[in-house]
Amino acid sequence: MSKQEKKDQTQELIKQTAKNLFFVQGKFDATTQEIADEAGVNRTLINYYFRSRDNLIQIIFDEAHRVEKEKSELIMNSDLPFKEKIANFIDGSLQTSLQYPYLETYIVSQINKGSCHKRDVEEEELKKLYADIEKEMELGNIEKMAPVQFVLNMISLLVFPSAVRPLFLENMMIDDKEFDRLIADRKDIILNMLFKK
């Protein structure tokens, strides 16, 4: 293995470890030392490769954000029928919630701090989405409302359970496995709430 391959491998190991600590285990306050210990590397390597813990977090957040944005664009720009596009978007979002159970909680906490906030949608994409929603309303497939309300409903139904996961687990007295099962079951529930038929 070349020196560059070893460097790339170590960087990837550190990023994956940080993702696991933050987005899977919900340990948002994990220190550089804790990340290094979990990855089995020297703490100075994190500073060498990423300059700081905050920079590492920003990098992994940006990568996750880019993947999600690309996935959303593929779905929204497809030629599938509208309900099928929305079903695919919901499915992809729920899969991300299962893979990274604390990602939404992390995003909300970072937005509240004024960091890690980026626009996901371009104006033209949003106009097209609203036009598609209005067309579905005219066809009687969706209750009549402002298109932004449809989007708010969909995002709320998708994001809220994961964003309040720790609170929900404690107050509903269920474990992680049961919560993941509930999340996996949400696709049809959400579709039935959003669409009349």
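Predicted model: local features only at pLDDT ≥ 70, side-chain atom pairs only at ≥ 80, totals over all residues.
Colleague: Which residues of α7 are buried?

Modeller: L129, I133, E136 and M137 are the buried residues of α7. Viewed down the helix axis, they fall within an arc of 105°, so they line one face of α7. These buried residues pack against α4 (53–76), α5 (82–99) and α8.

Colleague: Why are α7 and α8 called roughly perpendicular to each other?

Modeller: Helix α7 (residues 123–138) and helix α8 (residues 147–163) pack at an angle of about 95°, and their axes are 9 Å apart. Angles of 65 to 115 degrees count as roughly perpendicular, and α7 and α8 are therefore given that description.

Colleague: What makes up the contact of α7 with α8?

Modeller: From α7, L129, Y130, I133, E134 and M137 meet P147, V148, F150 and V151 of α8. The residues of this contact comprise 8 nonpolar, no polar and 1 charged.

Colleague: What span is expected of α7, and what does the helix reach?

Modeller: With 16 residues, α7 reaches 23 Å from its first C-alpha to its last, close to the 22 Å expected at 1.5 Å a residue. G140, which follows α7, has a positive phi, near 85°.

Colleague: Why does I190 count as buried?

Modeller: Buried means under 20% relative accessible area; I190 has 0% relative accessibility and therefore counts as buried. I190 lies in helix α11 (residues 186–194). Leaving aside neighbours within four places in sequence, I190 is in contact with I90, L157 and L158.

Conventions:
Residues numbered from 1 in each chain as written. Heavy atoms only, no water. Axes fitted to C-alpha atoms, helices over the stretch in contact; angles between N-to-C directions. Helix = DSSP H or I, 4+ residues; strand = E, 2+ residues; numbered from the N terminus. Parallel < 35°, antiparallel > 145°, perpendicular 65-115°, else oblique. Contact = heavy atoms within 4.5 Å. Nonpolar A, V, L, I, M, F, W, Y, C, P; charged D, E, K, R; others polar. Buried < 20%, exposed > 50% of the residue type's maximum accessible area, 1.4 Å probe, protein only. Expected span 1.5 Å × (residues − 1). Arc of directions from axis to C-beta.
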